[in-house]
Amino acid sequence: MLLRVNKSFDTRVEKSSRVLEVAESFGLGLSDKRFVIYEDLEIEVNDGDILYITGQSGSGKSLLLRDVAQQLREGGKNVISIDEVPLLDVPLVDQIGSDTREALELMSQAGLNDAYVWVRKPSELSDGQRYRFRLAKVLESGANVWVADEFAAVLDRETAKIVAFNISKAARTRGATLVVATTHTDLTKYLGPTLTVEKLYGERVDLTKYEWLPA
Ligand SMILES: Nc1ncnc2c1ncn2[C@@H]1O[C@H](COP(=O)(O)OP(=O)(O)OP(=O)(O)O)[C@@H](O)[C@H]1O
Ligand SMILES: [Mg+2]
């Protein structure tokens, strides 16, 4: 599916006295202009693709990820976003998988390998543990498009690489499309993306297509 992305904002701000002070001190123009982040960016996203979006904080990764998710949804795909995964206030092992074996398998694939964690409730976990549990729920969902913003961003980089490798493998096995965004650029080798999108300053975007040989 060929997606076209346009995103811009007007620069209008509320002119409070402090805003005016900042504008004057830092030479910031407050006249209304367009702040263009994406202009007619074309991206081809097909079933089974792995899309890796990187770029500095504030460059436009989340905007792109949300737009891609929305367009795929409108195109009839079943899209799950990690931010929308509801968590119940019961032990992890009781809210995933059809039985204990499957529960542990899904959590292990998402990088949660600790029995101590399996019996905890989400409110008793660290951010990184909760993130991995949400990923496990994404794996379980049966959706055809998996979307994860701040992908593995809260994990130590060794765990992040393992999780990236496992999720990518799970997506390939299930034929799911994977769309991730993070400022970390160290996951290419582990995700094996079919397309990387690096958002640069202004409207600039670097697209790299990869042809990976099947393992
Ligand atoms: N509603 C809005 N009005 C004006 N500007 C906006 C609005 N929403 C986002 N922006 C601007 O768009 C830019 C891109 O935002 P985005 O959330 O996509 O960044 P990001 O790359 O995901 O950053 P981070 O790594 O910090 O999550 C930011 O500079 C932000 O200020
Ligand atoms: Mg973001």
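**Exercise 1.** At roughly what angle do the axes of helix α3 (residues 100–109) and α6 cross, and within what distance do they come?

*Solution.* The model is predicted; local features need pLDDT of at least 70, side-chain atom pairs count only at pLDDT 80 or more, and totals for chains, interfaces and linings use all residues. Residues are numbered from 1 along each chain as its sequence is written, ligands are numbered from 1 in the order in which they are written, and side-chain values use heavy atoms, without hydrogens and water.

Step 1. Helices are DSSP runs (H or I, at least four residues), numbered from the N terminus. Axes are lines fitted to C-alpha atoms over the stretch in contact, and angles run from 0 to 180 degrees between N-to-C directions.

Step 2. The axes of α3 and α6 cross at roughly 120 degrees and come within 9 Å.

Step 3. Angles under 35 degrees count as roughly parallel, over 145 as roughly antiparallel, 65 to 115 as roughly perpendicular and the rest as oblique. α3 and α6 are therefore oblique to each other.

Step 4. Leu106, Ser108 and Gln109 of α3 make the contact (heavy atoms within 4.5 Å) with Asn166, Ile167, Ala170 and Arg174 of α6.

**Exercise 2.** Describe how α5 packs on α6.

*Solution.* Step 1. Helix α5 (residues 127–140) and helix α6 (residues 157–174) have axes 11 Å apart, at an angle of about 10 degrees.

Step 1. α5 and α6 are therefore roughly parallel to each other.

Step 2. On the α5 side are Arg132, Leu135 and Leu139, which meet Thr159, Val163, Ile167, Ala170 and Arg174 in α6.

How values were computed. Helices (H or I, at least four residues) and strands (E, at least two) are DSSP runs, numbered from the N terminus.
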